[in-house]
Amino acid sequence: MAIAAPLTHRLRRNRQTEAIRSLVQETRLYPSDLIHPFFLLEGFEKEPIASMPGVDRLPLPLLLRQAEHLHAQGIPAIALFPAIDKALKTERGDEAWNSDGLIPQAIRSIKRELPSLCIIADVALDPYTSHGHDGIASPKGEILNDETLECLCRMALTLAEAGADFVAPSDMMDGRVGSIRKALDSAGFTKTGILSYSVKYASSLYAPFRDALRSRLAFGDKKTYQMNPANRREALLEAHLDEGEGADILMVKPATLYLDVIAKLREESHKPIAAYHVSGEYAMVMAAHQKGYLNAEKVFHETLLSIKRAGADMIFTYAGPIVLPLL
Ligand code: PBG
């Protein structure tokens, strides 16, 4: 006697061989989806970052070599973050708009050596402020919105002038996309794009990044400007405002804990969407890998594929060098 009734639908038929699985695969990950973040330091010696195995703070010559290697393997873009000397940090973060600073100099050399590589330059004061906040602080420790906008505009202009393809405001001040767009346009930088960290949550997953930049908060937290992880409607409002203010690309950050937000934003917006697979998302997997609990290469591949499946067009990730052999 037959145990099961004849089945009309056998979904396993489409999973029988690698060839068939490949035909029905809905989402694919390509090197061209990835943006590689770099931590840049002054000098000639690289420094390992303890919480991010496999990632170093790099001096410019080594950064150039790695960027060239990744670009040759199909990675189209890099993002730059400076590990600034403590001596250069001030209350207002003045080094952020020094046109001879670490990042503007790096942008000029990268553009000279690797002209086809897209450069995304972060706009936020935290690598440059002595207190580690993304904006100007009042004596009482309040992060001042409109005063900060002025600094962000000066910073964005410095980065555009150096040759950045995109400036990427990651500070979460209100109105910064509109202000930066206006400042860029008035100075003739109509072709410089804005990749906005539109939906940036106040996440505990940024800890290794702050290590990497040697950026420590002298007081408080970032909850008065970064978003509450509990909120999704507010994320759509943030993204909608940035779109209206002229953002060219909208970003959600972090990525894996916020796949629902990426998916929802994908339904609501026709702009390209980026996701930032952040330092803590990298560090957790690497720590487990080092203990032999899982395989980082496979977990990262699955993770990045899931971020794409949720709706991201591009992903900032430190895992590029690890997953590239699988792509
Ligand atoms: C700072 C900035 C942060 C990250 C990117 N830009 C940290 C923060 O907001 O404290 C985090 C990236 C990562 O964790 O990989 N404006």
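**Ground rules.** I take a pocket as an open set of points, on a 1 Å grid over the protein atoms alone, with protein on both sides within 12 Å along at least five of seven lines; a cavity is a set of points where a 1.4 Å probe fits but cannot get out, and lining residues have an atom within 4 Å of a point. Grid points are joined across faces, edges and corners, and a volume is the space filled by probe spheres set on the points. This is a predicted model, so I note that local features need pLDDT of at least 70 and side-chain atom pairs count only at pLDDT 80 or more, while totals for chains, interfaces and linings use all residues. Residues are numbered from 1 along each chain as its sequence is written, and side-chain values use heavy atoms, with hydrogens and water left out.

**Pockets.** I started with the second largest pocket, which holds about 220 Å³ of space. Its lining is Glu18, Gln25, Glu26, Thr27, His301, Glu302, Leu305, Ser306 and Arg309. Which helix gives the largest share of that lining? I found helix H10 (residues 296–310), with five residues. (Helices are DSSP runs of H or I, at least four residues, and strands are runs of E, at least two, numbered from the N terminus.) By class I get one nonpolar, four polar and four charged residues in this lining. For classes I count Ala, Val, Leu, Ile, Met, Phe, Trp, Tyr, Cys and Pro as nonpolar, Asp, Glu, Lys and Arg as charged, and the others, Gly among them, as polar.

Next, the largest pocket: its volume is about 340 Å³. I see 13 lining residues, and the closest to the pocket centre are Lys86, Lys89, Arg214, Ser215 and Arg216. That lining has seven charged residues, with three nonpolar and three polar.

**Cavities.** How many cavities of 30 Å³ or more are there? The count comes to three. I put the largest cavity at about 100 Å³. Of its 14 lining residues, Asp126, Lys200, Phe209, Lys222 and Lys253 are the closest to the centre. Strand S9 (193–200) and helix H6 (207–212) are the elements giving two or more residues to this lining. I sort the lining of the largest cavity into seven charged, five nonpolar and two polar residues.

The second largest cavity has about 70 Å³ of space. Leu80, Pro82, Ile103, Asp122, Ala124, Pro127, Tyr128, Met155 and Leu159 line it. Here strand S4 (77–82) and helix H4 (145–162) each give two or more residues.

Under 35 degrees counts as roughly parallel, over 145 as roughly antiparallel, 65 to 115 as roughly perpendicular and the rest as oblique.

I looked at H3 (residues 102–113) against H4: the angle is about 25° and the axes are 8 Å apart. That makes H3 roughly parallel to H4. In contact (heavy atoms within 4.5 Å), Ile103, Pro104, Ile107 and Arg108 of H3 meet Thr158, Leu159 and Ala162 of H4. I count five nonpolar, one polar and one charged residue there.

H4 and H5 (176–186) cross at roughly 45°, and their axes come within 9 Å. The pair is therefore oblique. On the H4 side I list Leu149, Leu152, Cys153, Ala156, Leu157 and Ala160, which meet Arg176, Ser179, Ile180, Ala183 and Leu184 in H5. This contact has nine nonpolar residues, one polar and one charged.

H7 (residues 233–245) and H8 (residues 259–268) pack at about 45°, with axes 10 Å apart. H7 and H8 are therefore oblique too. Ala235, Leu236 and Ala239 in H7 meet Val261, Lys264, Leu265 and Glu268 in H8. By class, I get five nonpolar, no polar and two charged.

**Backbone.** Where is the cis peptide bond I noted? It joins lysine 253 and proline 254, with omega about -10°. Proline 254 sits in the loop between strand S10 (249–253) and H8. I also logged methionine 172, whose phi is near 70°, a positive value in a residue other than glycine. Methionine 172 lies in the loop between strand S8 (166–169) and H5.

How values were computed: Axes fitted to C-alpha atoms, helices over the stretch in contact; angles between N-to-C directions.
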